[in-house]
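These are my notebook entries on how the parts of one chain are arranged. I looked up domains, sheets and helix packing in turn.

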Amino acid sequence: MAQISRSAAARQTNDLDAFWLPFTPNRAFKRAPRLLARAKGMHYFTADGRAVLDGLAGLWCSNAGHNRDPIAAAIARQAAELDYSAAFHFAHPKSFELASRVAALAPGDLYRVFFCNSGSEAVDTALKIALAYHNVRGEGARTRLIGRERGYHGVGFGGISVGGIVSNRKFFGTLLTGVDHLPATYDREQQAFTKGEPEWGAHLADELDRIVALHGPSTVAAVIIEPMAGSTGVLPAPKGYLDRLRTICDRHGILLIFDEVITGFGRLGHAFAAERYGVTPDLLCFAKGITSGAVPMGGVIAREGIYDAFMRGPEHAIELFHGYTYSAHPLACAAGLAALDLYRDENLFERAKKLEPVFADAAMALKGLPGVLDIRTVGLAAGIDLAPRPDAPGERGYAAMDHAFQDEDLVIRITGDTLAVAPPLIVSEAQIGEIFDKVARAIRAVA
Ligand code: PXG
């Protein structure tokens, strides 16, 4: 009986029960939903027509802004022309075009592009390519993976194993074995209120030497890190840190993987953070901004030599036993090509770079507001740490996010008591001011 009435209720379009929301407190949400019905450019619109400024580019993905006409038109054209084509043993023309365009944006000999559908899949793909690469070269003993504390690499078992967020790991069993973690690079005492890359912290890369010495270099496959940790509150790499990781990896034959799911496609003022830092990884994960968030897509760019290592054996034989039904989906490729056109035609990466100082000043102006413990900025991203309420960690951050939406018409991101701001790269100087004015009022409201 209960079952019948429940399914009848679920058929009502305004019923909120059936949908189990991801990474969301479901009960609080369903009591006071935040529903976004439409979007255009820098704004969302609620069902009742309220314009809400997007201070987070969707979820760090809508880098060209929302509902851009060329992207929407490209998706519509593609859906009418070729909705889907088999992804294994067959391919469609736009997949090659997009791979070439992505490769052209990548530094060094990062050239071969493997497509998947999300950042989590990109990470699992990169970890698997790393393990298989050593295997096909006769170094199958290299099985250890090294991540970093406070790292976020999505929610696959590979990603949470190398990731460093306790809540994302502790409920899910033993995870992958043979994983170690570098220390996080953030230390408030040394780095508080830094714009861009902190001066302090490069030496923490040397911890890699210690971990490698413990296990023996010949057992270590790869190191994966975000050049800027986004999810855990915008933690840019300290000056010189990535260089040092690169040197240590080279010394021991370990692959270096950059997870650029957030930093890719302009967030730090370049196509990829690898370019900003002048450090080329062996594998680079991307997602989000590749389609400006309009269709799910992710991927991994591999250095030439990694791909080459697999190209052996009989030509009719599969070289890498990995892939997804929707690898290089036609709609995603069409959206990706249109997004890359927009990034190029509107100089959006360059625009992010030019706006970085304006953005950093506007963020830092919040210093001194009640409860603000630290502010970090890099590119068009800012993290603002608020003091937790006694005995209620996360409550103040949640209240600030909710206040920003309900009373200030602004979407921002929270992780615990840390606020994150990362608007679409089309944001104007005036809108940067507007965003941080709204954030300031939200911070005061939850003081
Ligand atoms: N790697 C990194 C570096 C990410 O930031 C993923 C992998 C996983 O991507 P998918 O597409 O599987 O979600 C991410 C995702 C936040 C937030 O806390 C960050 C992400 C996603 C949602 C919220 O601000 N990053």
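This is a predicted model: local features need pLDDT of at least 70, side-chain atom pairs count only at pLDDT 80 or more; totals for chains, interfaces and linings use all residues.

**Entry 1: domains.** I looked up how the protein chain is divided, and I found domain 1 (21-68 + 347-445) and domain 2 (71-345). Their centres, taken over C-alpha atoms, are separated by 26 Å. I then examined the contact between them: 33 residues of domain 1 meet 32 residues of domain 2. On the side of domain 1 that touches domain 2, at least two residues each come from α3 (57-60), α15 (348-364), β13 (372-378), β14 (381-386) and β17 (418-421). Which element gives the most to this side of domain 1? I recorded α15, with seven residues. By class, I noted 17 nonpolar, nine polar and seven charged residues on that side of domain 1.

**Entry 2: the antiparallel sheet.** I traced an open sheet of four strands in the order β13-β14-β17-β16, with antiparallel pairing. Its edge strands are β13 and β16 (413-415), each of which pairs on one side only. From one strand to the next, the twist averages 20°. I followed the pairing of β13 with β14 and found six bridges between these antiparallel strands. Val-378 has Ala-381 of β14 as its bridge partner.

**Entry 3: the mixed sheet.** I looked up a further open sheet, in which four strands follow the order β1-β2-β3-β15 with mixed pairing. β1 (38-40) and β15 (410-411) stand at the edges with a single partner strand each, so one side of each has no neighbour in the sheet. I checked β3 (residues 51-54) against β15: the two strands run parallel and are joined by two bridges. Asp-54 has Val-411 in β15 as its bridge partner.

**Entry 4: α16 and α17.** I looked up the packing of helix α16 (residues 395-408) with helix α17 (residues 429-445), and I recorded an angle of about 120° and axes 9 Å apart. Angles of 65 to 115 degrees count as roughly perpendicular and those over 145 as roughly antiparallel, so α16 is oblique to α17. Their crossing is right-handed. From α16, I listed Ala-400, His-403, Ala-404 and Glu-408, which meet Lys-438, Val-439, Arg-441, Ala-442, Ile-443 and Ala-445 in α17. This contact of α16 with α17 has six nonpolar, one polar and three charged residues.

**Entry 5: α5 and α14.** I then turned to helix α5 (residues 93-105) and helix α14 (residues 330-345), whose axes come within 9 Å and cross at roughly 40°. Is the crossing of α5 and α14 left-handed or right-handed? I recorded a left-handed crossing. On the α5 side, the contact is made by Lys-94, Ser-95, Glu-97, Leu-98 and Arg-101, and on the α14 side by Pro-330, Cys-333, Ala-334, Gly-336, Leu-337 and Leu-340. I divided the residues of this contact of α5 with α14 into six nonpolar, two polar and three charged.

Key. Residues are numbered from 1 along each chain as its sequence is written. Axes are lines fitted to C-alpha atoms, for helices over the stretch in contact, and angles run from 0 to 180 degrees between N-to-C directions. Angles under 35 degrees count as roughly parallel, over 145 as roughly antiparallel, 65 to 115 as roughly perpendicular and the rest as oblique. A crossing is left-handed if the near helix is turned anticlockwise from the far one by less than a right angle, and right-handed if clockwise. Two residues are in contact if their C-beta atoms, placed from the backbone, lie within 7 Å. Ala, Val, Leu, Ile, Met, Phe, Trp, Tyr, Cys and Pro count as nonpolar, Asp, Glu, Lys and Arg as charged, and the others, Gly among them, as polar. Two strands pair if DSSP finds at least two bridges between them. Domain bounds come from an automatic or database domain assignment.
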